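Please read them with the structure open.

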Amino acid sequence: MPNGTHFSRRHFLKLSGTAGATALIAACGPGGAPEAESSAGESSDSTPQTATQSVPELLGADMPGSPNSPRGWTTVLPDLPEGLPPAPGQEPIEISTTRRVDAQTKFGEGDSMENNPWSRMIEKLFGVKLTVAWTWSSGDEATTKYNLAMASGDMPDYLETVPSNIFVKMVEANLLEDITDAYTMYASQRWQDTWAEYGELPWIFTTVDGRKYGLPRVEDLAHNDNILWYRQDWFDALSLDVPQTLEELHDTAVAIVEADIGKGAPGTTIGLLANKSFSATWFGSIDPIWAPHGVVPNHWTEVGGELVFDAVREEMQEPLALLNQWYQDGIFREDFFTINTSDSIQDVAASQCGIHYTPSWGAWLDTVRNDPETVWAFADNPAGPGGVRARHTENNFRSSPFCFRKGMEHVDQIFTITNFMHELTEDYDRRFHGWESHNYEWQEDGSVAATGISWHPWAIGPIGTRGSGMIDPRHVANLIDYQLEEWGKIPAEERDAYQTLSLEDPTGVSILGKQSRLFILETAEQGKITEYQSLPTPTMIERGSDLSKLVEENVLGMIIGEKPLSAFDEFVEQWTNLGGDLVTQEVNEWWAARS
Amino acid sequence: MFDLGNYLFLFLFGLACLFPMVHVIAVSLSNRAASMGGFVTLWPLGTTFQNYLEILEAGPVYRAFLVSVSRTVLGTSINMAMTVLAAYPLSKSSEELKGRSVFMWIVLIAMLFNGGLIPWWMVIRNLGLLNSLWALVLPGALPIWNVILLMNFFREIPKELEEAAIIDGASYWGTLWYVFLPLSVPALATLTLFAAVFHWNAWFDGMVLIMDNAKYPIMTFLRTVVVDMNLQILTVNMEDIYNLSDRSIRAANIVVATVPILIVYPFLQRYFIHGIRLGAVKG
């Protein structure tokens, strides 16, 4: 291994065209942490005294920020609780964890999940060593490994994003620690105040019989809310206006298909992107077509005091007929019902599709790379019947929580670390952007470049982790606001290297994504949320996959005309007989108990 | 005419088999935007070795590759030794091997029934094998299907040869080594290939028995890279979605993981042909 990494580092430096200065910084960055206890240039005592040693000195090379570089910046760490950092020589507390790892989990040279700048910072400041019991990358792998852990009784201390059905089993088997009191005792006031604003929502998926068994995974507001993305260049070429209603959207999409303006083979232009995930999804969704009709196929909605499943409501028939008509008019790809969400990116990247409903990342960079003429723009979702604009939205406190092993001795440590990380990441004036030569690298000209390595997967939840963990669901919007407002005010030549990196956007795609996020939040009232907000009911666990298969076959079948719309009643009956009636009953028991 | 049709059919059939591989190689050598747009078919667009450099630079591929190589070498050696040592006595008659049918039943029962995932996992854990290379090679050390194949092959070797060797003073070990093994090269080559391919391609045991992802064999590692992300369930930001959807990188990973085992085939191929000829002469 040393040979391999040695070669790769050299090669990397050659590739990125960096000079000797960078190599020097990089060389003393990751590898030499234990030796480099004190910051460069200052004399250090061979037996450091915590009382006299400042935190930056203690951290040495593991101190975030870049104060010593040209156009650098300083990270201001939050104050540590009393008694910390631990006295020198004190044995660290070990906490074993489960972690999600995938192709995006990257490290600097020589670093690993257990030993990286973040983990070293935590160990030095808190005296806590976070070990990794095991990792997983896909959902089924997580399920398998959590099942094995449960069956063998070999539970790690802190469990990352336990799938809901496993969480229910673990609570039943009394394997998880009740953290109801720990939360009030150890979570910072700021943290508790933020979550208190959201009422019950944070605890819906972690509460069993009124007790809390885990911390929720927090997603930023409007993360998966879809808006209309369109090719401004095509609209200009064809003199099309931004559609304001679904009818206009239909006509615009037909005009694009007829003009065959797409870059693919003749006749392959797609009017509106769709895929087999016919409900809400993260790319090419059609939920803004369903929602104005009052239904989103997998939502539960209150009708006359009772919750009903949207997919089997009468109101489905109108949008089904509409989508069937659109399909016949050639607006969708002929085989859209066979294509999954991630594959529908291809139609956007290949400039075959000009309009799609997608969250804030709809201005897809590959399109611009393949066709530099591309101009992406976003707009409010076209209105449905009666001028209603609506789309799917969700509870930002997600299921699959972070849980503690029953009898875990150091619950407080997880809270202490999270309090610290909360202040560090959500106070933007603290300027925490990761570690030099890991998350970013200095270039010859004094600018910084992102390395594609991120600290998030190194950290434990609920802050960081794989994805974008946070305490305040408004965090991402606040950060965008802060960057555009505060840093945008600074004249370009006075911005430090990181500010320049964040605001520089040659393709315009990234800024557009940020603007769209703020726009989606401004139109937040359009969100339709499913009113069943709880863990899956027993029948859902037992029959859920059969039921969703039935819904999928019928909804897609009716859109493509394989099944007549008149078969709707028959479908509702089948759904009821297959267990839908039981699910409805269970959901309404929950609903009655709640209200 | 029939020949021509035959050739044409076989040619097209061959092409159909090659097509996906050539496509993956082409994607792995293309730039990201072109492969995301689905423009790449058989020839790379915007040819670049960047994808390979990137995955080799990242380190985990190297590590996973070495784990897989050691696993395949070690696992195949153990498999073959165990197979030969089990097949030889079992190929004898019940008079020569007392209790042969009992042994045979033990072997068959183990082939037909297993304890299920969790008991299997717990046994391996309690043996202290978790997280080590041995967990990948020891639990499957005796491939029973292969034992039965080799046993039947041994039985077809004329008994006279063995008797002649015994008369000349050879022990059972001697006959196995000097008579049976040299005559079974084609069968051994086939079984070696089976075992090697099995070890190279196995991913599930790596996933559940190796807890430290730095020790994953390449196929388990590959799965973390190419598995279809359920991005809606996983909270991700724009950058993640962009990076995770990179088809060129995935293709490069697939090529790196597939090519080594493909190279094994031509080396063993001549034994297959040899094997066919052997049978013909004997008949």
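1. Domain bounds, as used in these notes, come from an automatic or database domain assignment. For chain A that assignment gives domain 1 as 2–37 + 53–218 + 398–458 and domain 2 as 227–392 + 528–594. For chain B, domain 1 is 1–48 and domain 2 is 58–282.

2. This is a predicted model, so a word on confidence comes before the details. The overall scores are ipTM 0.78 and pTM 0.82. Chain A has a mean pLDDT of 86, with 91% of its residues at 70 or more. Chain B averages 84, and 89% of its residues score at least 70. In chain B, the pLDDT falls below 50 over residues 276–283, a stretch with 1 contact in the model beyond near neighbours in sequence.

3. How far apart are the centres of the two domains of chain A? Taken over C-alpha atoms, the centres of domain 1 and domain 2 of chain A are separated by 37 Å. The contact between them takes 5 residues of domain 1 and 5 residues of domain 2. On the domain 1 side, the touching residues divide into 3 nonpolar, 2 polar and no charged.

4. In chain B, the assigned domains are 1–48 and 58–282, and their contact takes 9 residues from domain 1 and 8 residues from domain 2. Helices α1 (2–28) and α2 (32–36) of chain B each supply at least two residues of the domain 1 side. The most comes from α1(B), with 4 residues. By class, this side of domain 1 of chain B has 4 nonpolar, 4 polar and 1 charged residues.

5. How are helices α5 and α6 of chain A set against each other? Helix α5(A), residues 139–152, packs on helix α6(A), residues 164–172, at an angle of about 10°, and their axes are 10 Å apart. An angle under 35 degrees counts as roughly parallel, and α5(A) and α6(A) are therefore roughly parallel to each other. From α5(A), the residues in the contact are A:Thr143, A:Tyr146, A:Asn147 and A:Met150; from α6(A), they are A:Ile166, A:Lys169 and A:Met170. By class, the residues of this contact are 4 nonpolar, 2 polar and 1 charged.

6. Chain A has an open sheet of 3 strands in the order β10-β7-β11, with antiparallel pairing. Strands β10 (355–358) and β11 (376–379) of chain A are at the edges with a single partner strand each, so one side of each has no neighbour in the sheet. On average, and ignoring direction, neighbouring strands of this sheet are turned by 30° against each other. Strand β7(A), residues 227–231, pairs with β10(A) over 4 bridges, and A:Leu228 stands opposite A:Tyr357 in β10(A). Helix α18 (residues 509–522) of chain A lies across β7(A) and β11(A), running at about 0° to β11(A).

7. Strands β8 (residues 300–303) and β9 (residues 306–309) of chain A run antiparallel and are joined by 4 bridges. A:Val303 stands opposite A:Glu306 in β9(A). The hairpin has 2 residues between its strands, and A:Gly304 there takes a positive phi near 60°.

8. Some backbone geometry in chain A is worth checking by eye. Most residues other than glycine have a negative phi, and most peptide bonds are trans. A:Arg71 has a positive phi, near 55°, and lies in the loop between α3 and β1 of chain A. A:Pro85 is found in the loop between α3 (55–59) and β1 (93–100) of chain A, and a cis peptide bond with omega of about 0° joins A:Leu84 to A:Pro85. Another cis peptide bond, with omega also about 0°, joins A:Gly461 and A:Pro462. A:Pro462 is in the loop between β15 (448–450) and α16 (475–489) of chain A.

Terms used
Residues are numbered from 1 along each chain as its sequence is written. Chains are lettered from A and ligands numbered from 1 in the order in which they are written. This is a predicted model: local features need pLDDT of at least 70, side-chain atom pairs count only at pLDDT 80 or more; totals for chains, interfaces and linings use all residues. Axes are lines fitted to C-alpha atoms, for helices over the stretch in contact, and angles run from 0 to 180 degrees between N-to-C directions. Angles under 35 degrees count as roughly parallel, over 145 as roughly antiparallel, 65 to 115 as roughly perpendicular and the rest as oblique. Two residues are in contact if their C-beta atoms, placed from the backbone, lie within 7 Å. Ala, Val, Leu, Ile, Met, Phe, Trp, Tyr, Cys and Pro count as nonpolar, Asp, Glu, Lys and Arg as charged, and the others, Gly among them, as polar. pLDDT is the predictor's confidence in each residue, from 0 to 100. Two strands pair if DSSP finds at least two bridges between them.
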